[in-house]
Every structure is written in structure tokens, then in C-alpha cells.
Amino acid sequence: MIQSIFLLFSAIGLMAALGTVLSRNLVRAALWLVAFFFIIAVQFVLLEAEFLAAIQVLVYIGAVAILLLFGIMLTRNIQGDETTSASLNTKLIFGALGLALFAVLATAIVSHKGTPERPAWSKIQGRPDDEAGRDGVLTRKDTINNMAKTVGDEMMTRFVIPFEIAGLLLTVALVGAVALARQVGADEPIDRVRKAGFTRDDAPANGSPEGVAEAPGAVASPSH
Amino acid sequence: MTDWACATLLFAQEIAPREIPWLAWFLWLLIGFFGIFPGVVAYMVWAERKVAARFQDRIGPNRVGPLGLLQPIADALKLITKEDIVPDAADPIVHLLAPVIILVSSFLVLAVIPFGVGLAPVNLPSGLLYLIAVSSFSALGVFLAGWSSRNKYALLGGMRAVAQLVSYEVPQVLSTIPVILFTGSLSLVSMVDRQYEFGWFVFSPPGFLAFVVMTIASIAEVNRTPFDLPEAESEIIAGYHTEYSGMRFGLFFLAEYLSVFAVSCLGTVLFLGGGLLPFPLNRLAEWMGTGDWPAIVVNIGMVSVFSIKVLGYVFLMFWVRVTLPRMRVDRMMNFAWKYLVPLSIGNIVIAAVWFEMVLRDPIKRMAQVEITGDEYIPPGIGVGLKGWIVTGALVIALFLTVLRVNRGSHASKIKEITESPIPLPSEAPALFARAR
Amino acid sequence: MHTVELPVSGSDIPLAWFLFFAAASFSIGLFGVLVRRNAIAVLMSIEIMLNAANINLIAFWRYVAPPPGEGINNGVMLALFVITIAAAEVAVGIALVLLAYRRWKAADVDRYDTLAG
Amino acid sequence: MVMLNYVFICFLMLGAVGFAVAPLILERLIAPRKRGRSKGETYECGVLTTGETWIRFRIQYFIYALLFVVFDIETVFLYPWAVSYVGLGGFALVEMVIFLVVLLIGLIYAWATDALKWV
């Protein structure tokens, strides 16, 4: 029963991944990607990590997908159809490469040899339930039943440094991305600004309002 | 087993004890789920029209049935018999997918709300996170609706709506954190349990601030006046559902009211104690020593209290809608990022202070009581009072700081604009060239 | 609250199945990175690969007992940080794509060839 | 067991999809369907549509999405912290205040550089 559920969802997931990779329309590709993210969340549920499943949906579908869609809308290839796409030959070559990678990984998974205390991967069927960790306090069952608490405990004890660094990284990413995005503020391509006779420094800080779609009247933006 | 399944199973076994496979139970519960909530929502629409009419000194729907009570059914019939027009230019699959995604998201949100004891459809260990996660689907649906219509106004409305939804989701999520802090769990059921012991969370300074932020953010999340810019008909026709007609439009409509209901339930559960009476009254049964009442009686009481609270919350939303005009788009975004987000971030720290001052000790003692079986002594009134004064002062200080920072930056902007030199006419061509 | 335990458990999915799924998605993601020209599509393919890696992390966390004395939740924590970093990566990546797009008027990675010899 | 909850949610999801699709099918059956050339046109206040529809947007939308992503991930860290705060105490509070201040710097940067301004 549970195995067939897994197979069904995996098949959908692989189909979604292929859809992301192959669909020419970028928004469609992003939709397939959302489906793929969702399937990953389902896999997390099947692995009894429901907290991570919720995080997956929250971060990837709620935020990253939106960001990707906004990115698509902000670049010109909005109709989604890529201006240039790889030729059939390159596709075949890279497809063969992908298959080769899969073959290598699959062989590695199948041929993994275990040690006496750690069985081979292909032999593992059951899931360990109740062994304790380093402190002997948190068992795996605790983690499964209340993963949020375990994650919080771990984050405030063993993972304090990575946690703070993650905060730093987020801030750096935010500052960097805002700085980059604001640099694009002037809607015109940089070449054109240069040609017009002034450098970026005296270009208007917030960009020229022309060609920027806010009011519907200015919607048909002059194409450069 | 899910809470809801359990409770209904228990009720049913009181009536007819027999073995029923869980699959059949699930189907039966689904009928309940999809029977009750759409019905509630249909009559919410009726109630809104009535309330709005009273506010505007009209009568409201009064033709179809007594008091216009059959109006929702008539509306549904009308929507279903309208022609379903899909523009030729639209992306047909995505055009169909968008309202379905939004509706699914607003149904799924309702799955973790505890309506009574054992009456949460499901009791997930990370229920609140699940709720936030599924509710973020709707931004995606809105975007797809705007994109797939291939209409400038729809796309513009969709983009605006998504920008608004994501902006207000931040304070909404951040203002739930005090509640999690007080409860120590993400399960909505244990949040209600904790409020049974310590009173409603809204009765504490950080809780109150969080409640206010949450309410405002929720109104924006469900796109209602004064935050209904995505469908500002005076600017962008009808926003992202410009190209939707017939029942597809009806799905958007249903989803909107369903999410109004859902956020009201969420606010009730998080801050207003779910189906509990205010603090002294909820212990009444315990103090009267009448023992355990049958689950069915308790639940009837709890569900009615819950419904009254939700109705009040929904009425508040109606009231806001008929009273306030629509905001300007830049002010709306400013309000989210410059007022609500700093307020809710500061509030997290204040909530921790409140927890340390007032809640930590009783929680520890209650845990001990469970182990040792001693009698539980409630903390003295002095502790609570001190906590009230300190955190209340902190909340007011935070509020004033945020206000002052915003006012300050606003004033400096005005000064900058008014004191900047007016460009001479000779500069005009250069300015024009620059603008091009 | 009532909690009735029903004997529905996921314990009979072999570990290798998850690993195969992750490997397959990873390969598809790699194929996408190589074959797509649009920079945002490349970012999407990278996301596929990162998610596949996450599946592996969680599968090993759930199925394999750690050496005695080691933390048992490393897999979960690592997956959490991967999610964080992936999101940050997308944010910066798209900002870069936007900048490059304005510079070269194209979102295709093949056009970004100023440094080509 | 957690899994059964999710089975129920799965059923709910299917039910919701059915609930959305059923009236659409019903409508297909009973509603009038008369297609005309002008009926299928894009509706823009009765004026014929001109130019590209899928327009390019202002960078502002992207900046809001960006801020949202960062604060969304902040949630990922804040929720577990809030859950386990009961058992942790002062040190955890200090940690979280540092984290929040670091993130606030990002918000303040965006604020100070007028990135939050809706032009």
C-alpha cells in the first residue's frame, strides 16, 4: 500500500522534474517546479519529517517559486518561449550524460557494501526507532513526534554557530540582492545610458519612470 | 487517528456501536467538511450584504425567500448558469488551474482549526506551520490567474496582489510567534489547551499587540477593504480576475470568503481562546465540582462559543469594510514594511520578557505537579501585575519608537522636497532628455 | 485530546527507493543545467538538484543509525540549512540575472560572453 | 501516527479539487455556450488591446519578493526557537536577539536606501 503510494508520487515527481527541464515556456516550467517541490514535501512526509515538509512548502512554494516567477516577469522572455534553445543534438548528448550520471549513482547505490554494524544501503528496509543521540536525551522518536522542538534545541546548542552564520548569510544576501536590484533601477540598458551622454553616477537614482509599467497607460513599454 | 475522526467515532459509538472501516469514515467526514464550511461561507456573504446594507441605511437582500435567506442559493444558481468565457488569448490550462489552487488552499487551511475538544479535523504536531504553508499557496494562484489571462490589467492586478500578499504575510507570521512562545508547541490544539490554563493570550500586552498586528495583516491577506488594491476596480478593472466569468469567478469569490472565515478562526484560536470562555468562567465546571460532562455537551458549548467569537471577528471585518476607504498602494506597502514588521519583530522580544516574568514559573510548577501529584498553587497576583507594567511599558515604547522613526523619515522627506531648488527653465530640456 | 494509534506506518519502503528517486531527480536537474539557455531556467534546475540532495539527507537520517555518540539529528539540521542557503542563492542569483539582463538585454547564459576570448 | 493525518489531508485535497471542478462541469452542461469572435477578445474596458500583453515590470515587485523570502526563512528559524524556548531560557533569548538584530540590519539597509519606496 505505502509502497505503491511512494511509487505513484515518485513517478509524478520525476515527471514534474522533466517538465521543468523540458518545457519551453518559463512560467510553465516554474509550475512544474512547484509540482516537484510539492512532491518533495510528500516524500518528507513519507519519511516522517512533517516539519520539514511544511518548511518545504512554505519556503519553496510560498517564497522561492514566487521569486522565480517575479524574476521571469522582470526579464524580457516573458512569453516564456526561450529565444534560443539547445539543438536536438546537444539535448541528446546531455541527455546521455544525465543518464550516465544516473547509471553511475544507481550502481553506487546497489553495490554499496555494508560493514557488520552498518548494513548495505540496498538491504535496509526498516527504520531505527529509539536510539538516543550524543546526550542520550533526544531519541529519534522524540524527533519524529515533535521535530520543531528538536530542531530548536539543536539549533540553540550544537548548531548555534551555523545558526548565527545563517542569519548573517541571509542579511548579506538581502543587502547584496537589494543593492544589485537597485543598480538595475534605471530601466534602460547600461549601454544606452552611456550613449545618452551621462554615466551611471548622474543617472537618476530611481530610474526613469518611462518604460516602466505601473499605470496601465504606460503599459506598452517602448521596446529597446 | 485524526482528531475529528476520533471524536465523531466516539459520538457515533454512543449511538450505534459497530465497526466501520476508516476509509468510509474519511468519506463521511469529507462530506461534513465540504457540507458545513461552504454553507457557512454562503451565509457569510448574505450576512455581509445585510450588514453593509444596515450600515448604509438600506435593507439589503429581501426578495428571495424570507429576509432574503435564499439569496446565496440564487447567487450560486446564477453563477452556474452563466456562460463561462475563456479569452482566446489565455493559457487555457493555467487559467483553469489558478482558481482551483486558490480554493484548495483556502479549504486546506481549515483542516487544522480546533473547533472544540477533539473537533480539529486533524491535529498535526506542526499545525500552525502547516497552516501558514498552505495559505501561501494562494499567492501562487493569484499570480497564475493574472498571468494566464493575458490581459494587462489582470497581470498588473496579479503582480500587485502577490506583492501585497507576500508583504503582509511577514507580519502575520511574525505575530504568531508570541503565541508559539507561550505554548511551546506548534499544534493549534495545545494552543487552546494552554489558554485554558493561562487565560486568553490577547490578555497580555505582547499578546494584544500581536493580535492587532495579526488582525490587520489578515485583512490584507484576504484582500478586503481597505487593502483591496488587487481588485481596485477604479484603476485596474477587477485585477487578477478580470477575465474570469461564470463559475470560475464564483470559485474566486468562494475562496475569498472561505479565507475570511479561515483567518477569523485562526485569530480566534490563537488569541481569543478558541471555544473557551474568558478566564474565570472556563473553570466554572471544574469549580462547581460537577465532574466530567459528556463530550457531546462540552463540544456543543465550545462550538457555540467559538462560533460567536468567529462571528464577532467576521463582523469586525465587515465593519472595517463599510467604514474605511481604499488605501493608496504605496502607503499600503509602507504600512506593512515600516510599521507592522518592526512592531512584530520587537514584539517577539517583549513576548519573551513576558514569558520570563509571568509564565515560566507556573509552567514549571505545573510540570512538577504532573510528576509529584502535589497541589498546584497558582502564582500570586503580584507577579502578573509586575509583568503587565513592564511589558506594557515596553509595548508602548516600541509603538512610539516605530511611530517616531516613521514620522521622522517622513518629515525629512518633506523637508528635502520643499527645500530642494526648483529647476530653472533652462534645465528643462536636459531633464526631459534624462527622463527619456 | 484523544489519540488512537492506527497501524499505518511507512516502514516498508526500502531506503534504496528514496535514493533512486533522489539520484534520478539529480540527474534530471543536471541535464537541465546543461541544456537550458535561460539563466532563470538554469536556477530552477539547480533547485531540483538541491532538493534531490535534501531527500538523500532525510532518507539517511531516517533509515541509518548513526555511530554511537553522534548526533542523530544532523541530517535534519543539514537539510534545514540547505533549504536556507538554496533560498538565499535564488535571491542573489535572480538579482544577478536581472543585472546581466539589463546589461546584455538577454537572459540567456550563452550571451554573457564578454569575457570569452 | 502522523501518517494518517496526512492521508486525511490528501483526501481533503482531492475533495477540494473535486469541489472546485464539479460546478465547472455542471456549468459546462447547463450554461449557454455561444462563442463569437469579439467575445473571446481580451477585455480592456472595451478598447482593443494593443502591444505586448506580457509587459515587463518594475524592479520594486522583485525587491518585495526578496524581502519576503528572507523573512520567510527567518520564520524557519524563529518557529523552532519559539517552540523550544520553554526549556532553554536566557541564552536562547540572547542568541535570538542577535539573530533578529542581524536581520533587522538588512531591513534597515533596504529602508535607508529607499528600496522599500513604492515609486
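# Group meeting talk: a walk through chains B and D

Let's start with one contact: the side chain of B:Thr176 makes a polar contact with the side chain of D:Tyr79, at 2.7 Å. Before we go further, please keep in mind that this is a predicted model.

Where does B:Thr176 sit? You will find B:Thr176 in chain B, in the loop between α7 (152–174) and α8 (177–183). Is B:Thr176 buried or exposed? Its relative accessible area is 1%, so B:Thr176 is buried. Setting aside neighbours within four places in sequence, B:Thr176 is in contact with B:Leu128, B:Met214, B:Leu270 and D:Tyr79.

Now hop over to chain D and look for D:Thr75. This residue has its place in helix α2 (residues 59–84) of chain D. D:Thr75 counts as buried because its relative accessibility is 2%. A polar atom of the D:Thr75 side chain lies 3.0 Å from the backbone oxygen of D:Phe71. If we do not count residues up to four places away in sequence, D:Thr75 touches A:Leu58, B:Val173 and D:Pro80.

While we are in chain D, let's look at the whole chain. Its secondary structure comes to three helices and zero strands, and from the N terminus on the elements run α-α-α. Of the 119 residues of chain D, 57% count as buried. Among contacts in chain D between residues at least 6 apart in sequence, 59% join residues at least 24 apart. Chain D exposes about 4700 Å², and carbon and sulfur atoms supply 71% of that.

At 1.5 Å a residue, its 23 residues should span 33 Å, and the end C-alpha atoms are 32 Å apart, which agrees. Which residues of α3(D) are buried? Among them are D:Ala92, D:Leu93, D:Glu95, D:Met96, D:Phe99 and D:Trp111. Just after α3(D), D:Asp114 takes a positive phi of about 65°.

On to chain B. How many helices does chain B have? There are 18 helices, with zero strands. Of its 436 residues, 57% count as buried. For contacts in chain B with a separation of 6 or more, residues 24 or more positions apart account for 79%. The chain exposes about 18400 Å², with carbon and sulfur atoms supplying 69% of it.

Part of that surface deserves a visit. B:Tyr43, B:Leu67, B:Leu69, B:Leu70, B:Ile73 and B:Leu77 make a nonpolar surface patch of about 540 Å². B:Tyr43 lies in helix α2 (residues 22–55) of chain B, and B:Tyr43 counts as partly exposed because its relative accessibility is 33%.

With 42% relative accessibility, B:Trp388 counts as partly exposed. B:Trp388 and B:Val358 are 30 residues apart along the chain, and their C-alpha atoms are separated by 8.8 Å. Not counting residues up to four places away in sequence, B:Trp388 touches B:Phe203, B:Ser204, B:Pro205, B:Trp354 and B:Ala393.

Last topic: salt bridges. Side chains of opposite charge can pair when their charged atoms come close. Over all chains, the structure holds nine salt bridges. One of them joins the side chains of A:Arg28 and B:Asp91, at 2.7 Å from N to O. This pair crosses between chains, from A:Arg28 in helix α2 (residues 26–46) of chain A to B:Asp91 in the loop between α3 (71–81) and α4 (92–109) of chain B. A:Arg28 is partly exposed at 29% relative accessible area, whereas B:Asp91 is buried at 9%.

A second bridge brings together the side chains of B:Arg321 and B:Glu48, 3.3 Å from N to O. The pair links distant parts of the chain, 273 residues apart: B:Arg321 in helix α15 (residues 295–323) and B:Glu48 in helix α2 of chain B. B:Arg321 is partly exposed at 35%, and B:Glu48 counts as buried at 5% relative accessibility.

B:Arg360 counts as buried at 18%, and B:Glu356 is partly exposed at 30%. Elsewhere, salt bridges that share partners join B:Glu48, B:Arg224 and B:Arg321 into one network.

Conventions
Residues are numbered from 1 along each chain as its sequence is written. Chains are lettered from A and ligands numbered from 1 in the order in which they are written. This is a predicted model: local features need pLDDT of at least 70, side-chain atom pairs count only at pLDDT 80 or more; totals for chains, interfaces and linings use all residues. Side-chain values use heavy atoms; hydrogens and water are left out. Patches are made of residues with over 30% relative accessible area and no salt bridge: like charges are joined within 9 Å, nonpolar side chains (Val, Leu, Ile, Met, Phe, Trp, Tyr) within 5 Å. Accessible areas come from the Shrake-Rupley method with a 1.4 Å probe; for residues, only the protein chains shown count as cover. A salt bridge is a side-chain nitrogen of Lys or Arg within 4 Å of a carboxyl oxygen of Asp or Glu. Helices (H or I, at least four residues) and strands (E, at least two) are DSSP runs, numbered from the N terminus. Buried means under 20% relative accessible area, exposed over 50%, partly exposed in between (1.4 Å probe, protein chains only). A polar contact is a pair of N or O atoms within 3.5 Å; within protein, one must be able to donate a hydrogen and the other to accept it, and residues adjacent in sequence count only if both atoms are side-chain atoms. Contact means heavy atoms within 4.5 Å. The expected span of a helix is 1.5 Å times one less than its number of residues.
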